[in-house]
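Below are some short notes on the model, in numbered points.

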Amino acid sequence: MGKRRFSRHRLICKFAAEYSGMAKKKLERFQEIKAFPHVFEFNFQEISRGFALKGNWHSGFFKNNLPIVLELGCGKGEYTVGLAQRSPEKNFIGVDLKGNRLWVGAKQIETDSMSNAAFLRTRIDFIDYYFGPQEVSELWITFPDPQPQKTRERKRLTSMRFLDRYRKFLKPDGIIHLKTDSKSFYDYTLEVIAENRYTLLDHTDDLYANPEARPAELTEIKTHYEGIFSKKGFKICYLKFRF
Ligand SMILES: C[S@@+](CC[C@H](N)C(=O)[O-])C[C@H]1O[C@@H](n2cnc3c(N)ncnc32)[C@H](O)[C@@H]1O
């Protein structure tokens, strides 16, 4: 009995040590993010006064006039970093609420001294506070939370609530890409596109069935969640459209 209590106590200590190690790592990452010149964080006062770079990303940050591409719900930012490496003729900004995840991509940008990529830590619900009319050329939505419950439709990143926000800062011919493991989210987005008579430019519910048919970046860049769901046997869906 005494022995069992002892080993349980050891287990709890081990868990507490691991947990505090994880918490420490997170705190260190949050601190590091604050020091990165290429990461912008939600600051309510700045937002309410008006975000300084809104409408000024080209002159105020990128120092060029190249098209701006956003990755929404970027997590660790695989598309932001991967596309920025492949396309020096464009600028990329990854957007996510979770600083701990976003740190991974931000660190890589620092390590590789990349000047055409940045991250924005905020809720996508406020995304139109950060970009001016026609400031953005393209959007990537990579493996968004599918929010399958009907009551959570408003939270889907391709619901009208979000699309109306994107429209405020996308160029009129701006393209939206969606990559997802969720067939129901893919079908839902196709319905939104059809109902609103948007222009569907490409779609497949099995991207890897014929990978040569599409640009290499679609299959050669894989996100963290794509890896998890591909291993579980989920097919990867892709579509692109414009308003
Ligand atoms: C399933 S993960 C996918 C992450 C990454 N794109 C990938 O494929 O590995 C969804 C991401 O979207 C972010 N997210 C979901 N809703 C959001 C919102 N309203 N505002 C900001 N980030 C959001 C989450 O924090 C999370 O990192």
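1. Domain bounds here come from an automatic or database domain assignment. That assignment divides the chain into domain 1 (1-35) and domain 2 (36-242). Their centres, taken over C-alpha atoms, are 34 Å apart. Seven residues from domain 1 and 12 residues from domain 2 are in contact (heavy atoms within 4.5 Å).

2. This is a predicted model, in which local features need pLDDT of at least 70 and side-chain atom pairs count only at pLDDT 80 or more, while totals for chains, interfaces and linings use all residues. Residues are numbered from 1 along each chain as its sequence is written, and side-chain values use heavy atoms, with hydrogens and water left out.

3. About 910 Å² is buried between domain 1 and domain 2, and carbon and sulfur atoms give 53% of this area (accessible area, 1.4 Å probe, that two parts lose on being put together, summed over both). On the side of domain 1, Arg29, Glu32 and Ile33 lose the most area, together 67% of what that side buries.

4. Two salt bridges are counted between the domains (a side-chain nitrogen of Lys or Arg within 4 Å of a carboxyl oxygen of Asp or Glu). A salt bridge joins the side chains of lysine 34 and glutamate 41, at 3.5 Å, N to O.

5. Around the ligand there are 17 residues, of which Gly73, Asp96, Arg101, Ile124 and Thr223 come nearest (a heavy atom within 4 Å). A backbone N or O atom of threonine 142 lies 2.9 Å from a ligand nitrogen atom.

Notes
A polar contact is a pair of N or O atoms within 3.5 Å; within protein, one must be able to donate a hydrogen and the other to accept it, and residues adjacent in sequence count only if both atoms are side-chain atoms.
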